[in-house]
Amino acid sequence: MNVPDINEWKNKLAAYFDLSSDLLPQEDAETVIREGVSFRGTNIIILIIAIFIASLGLNTNSTAVIIGAMLISPLMGPIIGIGLAVGIHDFDLMKRSFRNLMAAAFFSIITSCIYFMISPVNEGHSELLARTSPTIYDVFIAFFGGAAGIIAISSKVKGNVIPGVAIATALMPPLCTVGYGLATFQMTYFFGALFLFFINSVFIACATTIGVKIMNYHVKDFSNPERARRVRNIVYTIAILTMIPAGYLTYRMFQQSTFQTNCSRFVEQQFNFDGTQVLHSSAVMKGNNKTLTVSLIGRALPQDSLVLALTDRLPDYHLGGTRLKIIQGESSDGMFNATQATSTMLRDMYQVTQNTINSQRETIDSLRMINETICRNDTMGATISPELKVLFPEVADIAITRAITSNVETGQLDTLNVALVHYSRPMNYTQTEKFTKYLEARLSTKSIRIVPTN
C-alpha cells in the first residue's frame with residue numbers, strides 16, 4: 001500500500017485554497033472598486049435615503065429596518081478604495097477615496113442629526129446603545145469583513161458576500177448614532193459611535209490592503225518607494241493605535257461581566273434563609289470601587305453580624321474588596337429602597353393584571369348580552385300572547401327564536417329571526433303580511449321569518 005508523502009498532502013491541501021482560477025484580472029477588479037469610490041448623483045441620494053431608513057430603524061429599535069438600510073448603503077466603496085490605494089501605491093485614488101469617505105460621513109451625520117432633531121422620540125433604545133461602546137470584537141469583525149469583501153470583489157463569483165459584509169461591519173448605524181448624539185447633545189453617544197465607525201473604516205481598509213498584497217496586485221507608483229513606505233507605516237500605526245482603546249474597552253467589559261456573574265453566584269448560593277427572600281440585587285463597578293447591594297424581604301435578620309459573616313466569604317467568589325450592602329424590608333429607608341427597586345416590576349404586574357381584568361370584563365359583558373337576548377326571545381311569546389288573542393285570533397301558539405344561517409357557496413354567516421307559529425285556522429296572504437309587520441314592529445327587528453308548525 002502506497003502512503004502519500006508529506007509534500008503530496010501539502011499540495012492537496014493547498015489546492016483547496018488556490019484562488020488563481022477564481023480571481024478576476026486586476027484591471028477588472030480595480031474598475032469595480034474605483035466605480036464604487038465616487039459619491040455623486042445617485043450614490044449620494046441613495047446614501048441619504050439609507051441614512052433616513054437606518055435612523056428610523058434605530059428610533060423604533062427595529063433590527064430588520066437597520067439591516068435593510070445597511071444593504072442599501074454604498075459606504076463600503078470609499079473604504080475599500082483606500083485599502084486598495086495603499087496596497088498598490090495609487091495615491092491619487094487614496095486622496096479621492098478619503099475625500100469621498102469624509103463627504104459621505106459628513107452627509108450621513110448631518111442627515112441623521114436633522115432626523116433626530118425633528119423626531120418626536122428621543123429615547124436611546126438598545127440598537128442605539130449597542131453602537132456606543134466599541135470593543136476589540138468590533139476590530140475583528142471589521143477586519144474579517146473587509147477580507148471577505150476584497151476577496152468577493154476580486155472573485156468571478158460574487159454570491160451574497162458583499163451584502164453580508166455590509167451587514168456584519170455595520171457602517172451605517174454608528175453614523176446615525178453620531179447624529180443622534182449631536183442632535184440630543186449626548187457626547188458619550190457622539191464619540192463612542194464615531195470611534196466605532198473609525199474602527200470599522202480602518203480595519204476594513206487594512207484587510208483590503210493585506211488582501212491585495214496576498215493576491216499579488218502590481219503597484220502603480222514605482223517612482224517614490226519612500227513615500228509608499230511612509231504611507232504604509234502611517235496606516236499600520238493608525239491601525240495599532242486604534243486597537244489599543246478598543247482592547248482596553250474589551251478588558252473593562254470582560255471585568256464588568258465577570259464581576260456581575262460572580263455577584264449573581266454569590267447571592268444565589270449565600271442568601272438562603274428560612275422566612276427571608278432576596279427581593280433585588282444590584283452589582284455596580286466603577287473603577288476600583290465595587291458594590292453589591294442586596295434587598296431582602298421577610299423575617300428580619302441581624303444586620304451587622306450578617307454583613308460581617310458574608311463579607312468574609314466574598315473572596316471565595318473572587319469578590320475581594322467588594323462592599324456588601326444589605327437592605328431589609330422592615331427599615332424605613334430599606335423599605336423605600338426596596339420599593340423603589342421593584343417599582344418597575346410591580347407596575348408591570350399591575351398592567352398585566354389590569355389587561356386580564358379588562359379582557360375578562362369584555363367577555364362577561366358579551367356573554368351577558370347574549371344571555372339577555374336569549375331570555376328575551378324565550379319570554380317574548382308569553383309577552384305578546386294577550387295582544388295576539390285580540391289582533392290575530394288565528395294564532396294558537398307562537399315561539400320567538402334566533403337562528404344562525406350559513407351560505408352554502410360563500411360560507412358567510414348571518415342572523416335570522418324566526419317565529420314558529422301554530423295556527424288554529426289558516427291566514428290568507430293579506431293577514432300574513434299584517435302579522436309579519438306587526439311582529440317586526442313589536443320585536444324591534446328589521447326582518448322576521450314566520451315558519452308554520454301546523
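Reader: Before we start, what are the ground rules here?

Author: It's a predicted model: local features need pLDDT of at least 70, side-chain atom pairs count only at pLDDT 80 or more, and totals for chains, interfaces and linings use all residues. Numbering starts from 1 along each chain as its sequence is written, and side-chain values use heavy atoms, with hydrogens and water left out.

Reader: Why is Cys113 called buried?

Author: Buried means under 20% relative accessible area (exposed is over 50%, partly exposed lies in between; 1.4 Å probe, protein chains only). Cys113 has 10%, so it's buried. Cys206 has 5%, so that one is buried too. Buried residues make up 38% of the 454 residues in the protein chain.

Reader: How do you know how many disulfides the structure holds?

Author: A disulfide is a pair of cysteine sulfur atoms within 2.5 Å. The structure holds 0 of them.

Reader: What makes S1 and S2 a pair?

Author: Two strands pair if DSSP finds at least two bridges between them. S1 and S2 (residues 289–298) have 10 bridges, in the antiparallel sense, and Ser281 stands opposite Val294 in S2.

Reader: Which strands are the edges of that sheet?

Author: The open sheet has 3 strands in the order S1-S2-S3, with mixed pairing. Strand S1 (276–286) and strand S3 (323–328) each pair on one side only, and they are the edge strands. The twist averages 15 degrees from one strand to the next, using axes fitted to C-alpha atoms (for helices, over the stretch in contact) and angles from 0 to 180 degrees between N-to-C directions.

Reader: What does helix H13 touch?

Author: Helix H13 (residues 303–311) packs on the sheet, touching S2 and S3, and its direction makes about 145 degrees with that of S3. Contact means heavy atoms within 4.5 Å.

Reader: Why do S5 and S6 count as paired?

Author: They're joined by 4 bridges and run parallel (S5 is residues 413–423, S6 is 449–452). Val418 stands opposite Arg449 in S6. The chain goes from S5 through helix H15 (residues 429–443) to S6, a right-handed β-α-β crossover: with the strands pointing away from the viewer, the path from the first strand over the helix to the second runs clockwise.

Conventions. Helix = DSSP H or I, 4+ residues; strand = E, 2+ residues; numbered from the N terminus.
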